[in-house]
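Trainee: I'd like to learn how to read a model like this one. Could you walk me through it?

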Amino acid sequence: IPYPSPADFFWLVGYLPMGYGLYARIREIPIKPDQTQKVVLWITSVVTVLITTIFILVPIIQANDTSNFLESALNVIYPLVDLVLLIIVFRLAFVYTSGDYGFGWNLMVAGFILHSLSNLAFSYANLYDLYYPDLRVNFISGVATDAPYNLSYLVWFLSLYFLRLILSRQKPLDVIVQPTLVPNTSLL
């Protein structure tokens with residue numbers, strides 16, 4: 001499989017609507033995390049950023065191949081974008097805590113967490129040539145990378161199905177009384 005390829009352009013462009021949609025969802029929800037949730041969110045975010053920076057980004061930058069700028073840039077951009085999405089998704093995890101929508105959105109959040117962690121594990125494994133070395137499955141290839149990646153899509157589909165069931169149960173508002181029109185008048 002060629003790397004980089006034109007498919008990478010579409011992968012990167014696909015992150016834009018995902019990130020914007022998740023961020024817009026956070027902004028429109030009136031529920032804000034309480035003080036304890038904010039502390040946990042900050043600690044989780046800082047630890048995630050530190051681990052990603054120390055174990056993935058710094059080694060990628062140190063192993064930078066100056067002869068192939070595009071490949072080097074993509075090797076840094078992918079983990080950065082996954083890290084940003086993961087931080088946004090952590091925030092969503094503290095917004096939906098209960099109820100029917102909460103369960104559906106928690107499944108969605110779990111799918112995004114699995115997907116981001118899988119991509120970050122792939123970046124790490126690819127950097128150290130641990131992803132299918134000698135075309136053999138190992139713990140990092142099978143359990144840390146491929147299994148969460150595939151499970152993320154399953155969890156997303158389940159969450160979308162569950163949220164669709166909830167939305168189909170919603171009844172539209174019935175208008176009880178229609179206002180009577182007054183003849184020969186204007187609203188203005």
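Mentor: Gladly. We start with exposure: buried means under 20% relative accessible area, exposed over 50%, and partly exposed in between (1.4 Å probe, protein chains only). Glu 28 counts as exposed because its relative accessibility is 53%. This is a predicted model, where local features need pLDDT of at least 70, side-chain atom pairs count only at pLDDT 80 or more, and totals for chains, interfaces and linings use all residues. Residues are numbered from 1 along each chain as its sequence is written, and side-chain values use heavy atoms, leaving out hydrogens and water.

Trainee: Which side chains meet in a salt bridge with Glu 28?

Mentor: A salt bridge is a side-chain nitrogen of Lys or Arg within 4 Å of a carboxyl oxygen of Asp or Glu. Here Glu 28 pairs with Arg 25, at 2.5 Å from N to O. A search of the whole structure finds one salt bridge. Arg 25 is partly exposed, because its relative accessible area is 24%. Both residues lie in helix α1, three residues apart, about one turn of the helix.

Trainee: What is in the largest nonpolar core?

Mentor: In soluble globular proteins, nonpolar side chains tend to be buried together. A nonpolar core is a set of buried Ala, Val, Leu, Ile, Met, Phe, Trp, Tyr and Cys residues joined through side-chain atoms within 4.5 Å. The largest one has 19 residues, and those with the most contacts inside it include Leu 22, Leu 92 and Trp 105. Helices α1, α3, α4 and α5 (139-169) each supply at least two of its residues, and α3 gives the most, with seven.

Trainee: Where does Trp 105 sit, and which residues does it touch?

Mentor: Trp 105 is in helix α4 (residues 99-127). It counts as buried because its relative accessibility is 14%. Contact means heavy atoms within 4.5 Å. Not counting residues up to four places away in sequence, Trp 105 touches Arg 25, Leu 92, Tyr 96 and Leu 163. So Arg 25, partly exposed at 24%, is in contact with this tryptophan too.

How values were computed: Helices (H or I, at least four residues) and strands (E, at least two) are DSSP runs, numbered from the N terminus.
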